[in-house]
Amino acid sequence: MPTAAITIIPKPVIHYRAMRFDKLRKQLELILLLADTRGYTISELCDRMEVSRRSVYYLLDFLKSAGFVLFRQGDGYHIDRRSPFFARLLKTMQFSDSEMRTIYSLLLMAGSSSETASQLRRKIDRAYNFSVEMNGPQRQQMDSLAKTLTQAIQAKRMVRIVGYSSPHSRSVKDRIVEPFLLMNNNSDIRCHEILSGMNKTFRLNRMEHVEVLDTPWIHEDRHRQMFTDIFMFSGEERYPVRLRLGQLSRNIFLEEYPHGARNIVQEDETHWLLTLDVCDFRGIGRFVIGLLPDMEILGSDAFRDYVRAEVAVRFRRVSGEEPQ
């Protein structure tokens, strides 16, 4: 008796991959919209993304669970730029918050004469919302002082800082200085003070106003920029250090000081060369002494002598030869 043929009807194929891609597309689209600090209401998000209110709330919950920090101003939502995702992105781009503020301040000082500068300023403000915090009376006063000081620097002229309030000397008096470097988002100015013959840092918010004098600089050879090294030590002098790192010390260095990646060059499969300038041996000394078996000091001799002295002191303390 012949066997009856059995026909198998395939079930409809569900396009799970397409569904996942569509969901991911919506998530990315929402991130792009909420990255704009102007903020969007739930209704606006529904219209722009062509999804239901329920889907928008679901996506917002997803972003919160993924570590994004959501701000709500009135009925509008936007993502805080300091969310971990953006923090990692900015770190990769190598622009710190202070650097972006400085760029923004320079663009403000450029005025409206350059359309390119105006466009860049608007783009940065949309991402960082700097205009809200920088339009107060004190900020406007500091921007005016910074503009005057910039003109003095470009012309290499002395200035009179009128009514400078110093918490150290507990006094308010005028200072005659040669300004040569604006620092810290135009909040500080590095100057050579004529009376003391020293380079000093003055804060703009402690000045009443600034007068540009007709007198040109006479001590330009004494001007020294304040340098802050990767270990957060500051000073006028720089000291070069060169190390050969192993896998462990290289990994720890990058974890603790990610901006130092530009100072590292791979030598071979297991060694890396670290070359950088420091203001003080104490910062890099702590790092080197703690991982000394995994690295080699290639230079400088001054740093090598510093490490030898520090290791000797610590050995005497451990052995009880020297009090703590």
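**Start with the rings**

Select Phe231, Phe253, Tyr257 and Phe287: together they make one aromatic cluster. This is a predicted model, where local features need pLDDT of at least 70 and side-chain atom pairs count only at pLDDT 80 or more, while totals for chains, interfaces and linings use all residues. Residues are numbered from 1 along each chain as its sequence is written, and side-chain values use heavy atoms, with hydrogens and water left out.

The structure holds 8 aromatic pairs (rings of Phe, Tyr and Trp, using its six-membered ring, with centres within 6.5 Å; planes under 30 degrees apart are stacked, over 60 edge-to-face, the rest tilted). Pick Tyr239 and Phe281 next: this pair is tilted, at 5.5 Å centre to centre and 50° between the planes.

Buried or exposed: which is Phe281? Phe281 is buried, with a relative accessible area of 15%, and Tyr239 is partly exposed at 36% (buried is under 20%, exposed over 50%, partly exposed in between, with a 1.4 Å probe and protein chains only).

**On to the strands**

Now colour S12 (residues 272-278), where 5 of 7 residues are buried. S10 runs antiparallel to S12, joined by 7 bridges (strands pair if DSSP finds at least two bridges between them). Click Pro240 and you'll find its bridge partner, Asp277, in S12. Finish at the hairpin, where 5 residues connect S11 to S12.

Definitions and conventions: Helices (H or I, at least four residues) and strands (E, at least two) are DSSP runs, numbered from the N terminus.
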